[in-house]
Amino acid sequence: MTDLPNTTMTPPSVLVLTKDEEINIERCLEALSFSDDIVVLDSGSSDRTVELAQGFPNVRVVQRPFDTEYKQRNHGLHEIGFKHPWLYICDADERVTETLRDEILRVVNDGSHGKVAFRLRYKNQFMGRWIKRSSGWPVWIIRLVRPERVRYEQRETNVHPIVDGDLGELENQFIHYSFNAGLRRWFMKHNFYSDREAEEAAKIRGRGIPPLKDIVRGDPIMRRRALKNASFFLIGRPLWRFLYSYILGRGFLDGVAGFQYCCMVSMYEYWIELKTRERRANWDDKTLALGRAWMRRESAK
């Protein structure tokens, strides 16, 4: 990173959430060097994540065992003392660009025009390129906040912040290297996520399809959440996800990388569907009952 354009500017504090991120943490923290108050909230890494993070003089490490995503993120917002009023939230596989850095500094030093949080977009990288279309760009996520005005919703995974106040938008984007640790890591993480998505899907199906007003409401983050919830009722959801991303979303324009990515995301949706059915159908109990019945028949012979 180059020197800051104005060293008299007050930076935001930064919160980085980690779990076994030794391959990413140093480059992530280097890109965040504009802040003098970075907290790494670690979920119990077994690699060198904590050791590497502690090598940065502007970094504090806080360790908390992971229980649920929303509790972990709310702990980061409300149970850790920060030096500055604004907080930038970051994952270790994300990189803040110089243009985004400069915009963040301008926003937190110009009074923010009454806003209490800002959302921004990101560029997802796969197979050496930006998979713009197949990853659904632009996806807006909230990253710059006043912690006392934000809390995360109670949800099993893919939680969103609930903002008490006006929300703004940043023009510049960060880079997301979600495959830096390799495909195996991606599959392991999404196997973990699909467990929680299936649990959430079972709850949502029990409540019924969300109201139409939630699906068409103006706020893009809440609309995306409502569409996600409605999709749990869609028959053939994995196939529709592939067709939406690859055909309607023009993922085919991202070449081989786009096709591979759309296939993996569709497979992830298939895992969710299977695990949701498993929860609702009690397959384990039925399988055990069949096994016991077979054993009784064999014993009676």
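Contact, on this tour, means heavy atoms within 4.5 Å. One thing before you start clicking: this is a predicted model.

Start with Leu 29. Skip its neighbours within four places in sequence, and you'll find Leu 29 in contact with Val 16, Ile 38, Val 40, Ala 53, Phe 56 and Val 59.

Now widen the selection. Leu 29 belongs to the largest nonpolar core, which has 31 residues. Along with Leu 29, the residues with the most contacts inside this core are Val 16, Leu 32, Tyr 88 and Leu 144. Nonpolar side chains tend to be buried together in soluble globular proteins.

Next, pick Phe 82, Ile 89, Tyr 152 and Val 159: they are among the 16 residues of a second, separate core.

Last stop, a sheet. Show the four strands in the order E5-E13-E7-E8; they make an open sheet with mixed pairing. Strand E5 (94-95) and strand E8 (129-130) are the edges, each pairing on one side only. Zoom in on E5 and strand E13 (residues 174-176), which run antiparallel and pair over two bridges. Click Arg 95 here, and its bridge partner in E13 is Ile 175.

Terms used
Residues numbered from 1 in each chain as written. Predicted model: local features only at pLDDT ≥ 70, side-chain atom pairs only at ≥ 80, totals over all residues. Heavy atoms only, no water. Pairing = 2+ DSSP bridges. Core = buried A, V, L, I, M, F, W, Y, C linked by side-chain atoms within 4.5 Å. Buried < 20%, exposed > 50% of the residue type's maximum accessible area, 1.4 Å probe, protein only.
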